[in-house]
Structures are given as structure tokens and as C-alpha cells.
Amino acid sequence: MSEDQLRALLGDLSAVQLGLWAFAFMAVAFFVVKMWPWLNRFVATVNALADLPSKLGTIAGIEQKVVRIEAQVKDIHHETHFNSGTSIKDATVRIENKVDAMQSLMEHGDAALSERVEDIEKTLQPPKE
């Protein structure tokens, strides 16, 4: 670059002014590099605050779902634990007890029925040939 082109580019700047401008540019660059993480966090905070109303709506919806799920769990708990005869568990135990009693009755009754059939067969006259 020639001296005339340099004068046209720099204009009336002296070496001191050029040095100050270079120092100022480096200071701004240093400041931006050092402040970038803080600036980035600041922008993220502002964005989070902007999204806060929609997030609060979402939280309210979640709270309603939790209340509904708690009610459902309470109903399920009621049906799966003993509670004086009104739950499914109580009804199942009653049915199992009755089935066991019927099975025992049928086993004993089957033996008695077999004895009666044998008695009847013994008393029948053999068929004539």
C-alpha cells in the first residue's frame, strides 16, 4: 500500500489516535468475550420470563391431572383392600370361600352317592338271560 493510499484510508488520524482506536477496539473485544457468558445467561433469563405465563398454564394443567389421578388411585385402593365387605377383594374372598365349601361338599357328596349307587346295584336282581 502506498503512502497516498494510506493517507486516504486513515484521513487525518495521527499515530496516537490510531493507537487509541486500536486499544479501544481491543478493549471492546475483550469486554465482549469476558461478558458473553453473563450476557448469554441474561438473555436466557429474559426468554424464560417471557415463557413463564405459558409454563404456569401447563403447571395448572398438571396439578389438575394429579388431583384426578389421586382420586382414581383412591378408588383403586378402596377396591383392592379389605373394607368391611364392600370391596372387590372382600367379594373375591367370599366367592373363594363358597367355592371351597362347594368343592368339599361335592367331594363328600360324591362318595356318599357312589355308596348309594353300589347299594342299589347290589339289591337289583341280575338280568335274566
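In which helix is the place of Phe-31? In this predicted model, Phe-31 has its place in helix H2, and with a relative accessible area of 52% the residue is exposed, because exposed here means over 50%.

Phe-31 is also one of the residues that make a nonpolar surface patch of about 960 Å². The patch is made by Val-28, Phe-31, Val-32, Met-35, Trp-36, Trp-38, Leu-39, Phe-42, Val-43 and Val-46.

Two members of this patch, Trp-38 and Phe-42, also belong together in another way. Both lie in helix H2, which covers residues 15-80, and they are 4 residues apart, about one turn of the helix. The count of aromatic pairs comes to 1; the ring centres of Trp-38 and Phe-42 are 5.6 Å apart and the ring planes stand at 10°, so the pair is stacked, since planes under 30 degrees apart count as stacked.

A charged patch is found on the surface as well, where Glu-115, Glu-118, Asp-119 and Glu-121 gather in a patch of negative charge. Among them, Glu-118 has its place in helix H3, which covers residues 88-123.

| Residue | Relative accessibility | Class |
|---|---|---|
| Phe-31 | 52% | exposed |
| Trp-38 | 46% | partly exposed |
| Phe-42 | 45% | partly exposed |
| Glu-118 | 45% | partly exposed |

Trp-38, at 46%, therefore counts as partly exposed, and Phe-42, at 45%, likewise counts as partly exposed, as this class lies between under 20% for buried and over 50% for exposed.

Definitions and conventions:
Residues numbered from 1 in each chain as written. Predicted model: local features only at pLDDT ≥ 70, side-chain atom pairs only at ≥ 80, totals over all residues. Heavy atoms only, no water. Patch = residues over 30% accessible without salt bridge, like charges linked within 9 Å, V, L, I, M, F, W, Y side chains within 5 Å. Areas by Shrake-Rupley, 256 points an atom, 1.4 Å probe, with all protein chains shown as cover. Salt bridge = Lys/Arg side-chain N within 4 Å of Asp/Glu carboxyl O. Lys, Arg positive; Asp, Glu negative; His and termini not counted. Charge placed at Lys NZ, Arg CZ, Asp CG, Glu CD. Helix = DSSP H or I, 4+ residues; strand = E, 2+ residues; numbered from the N terminus. Buried < 20%, exposed > 50% of the residue type's maximum accessible area, 1.4 Å probe, protein only. Phe/Tyr/Trp six-rings, centres within 6.5 Å; stacked < 30°, edge-to-face > 60°.
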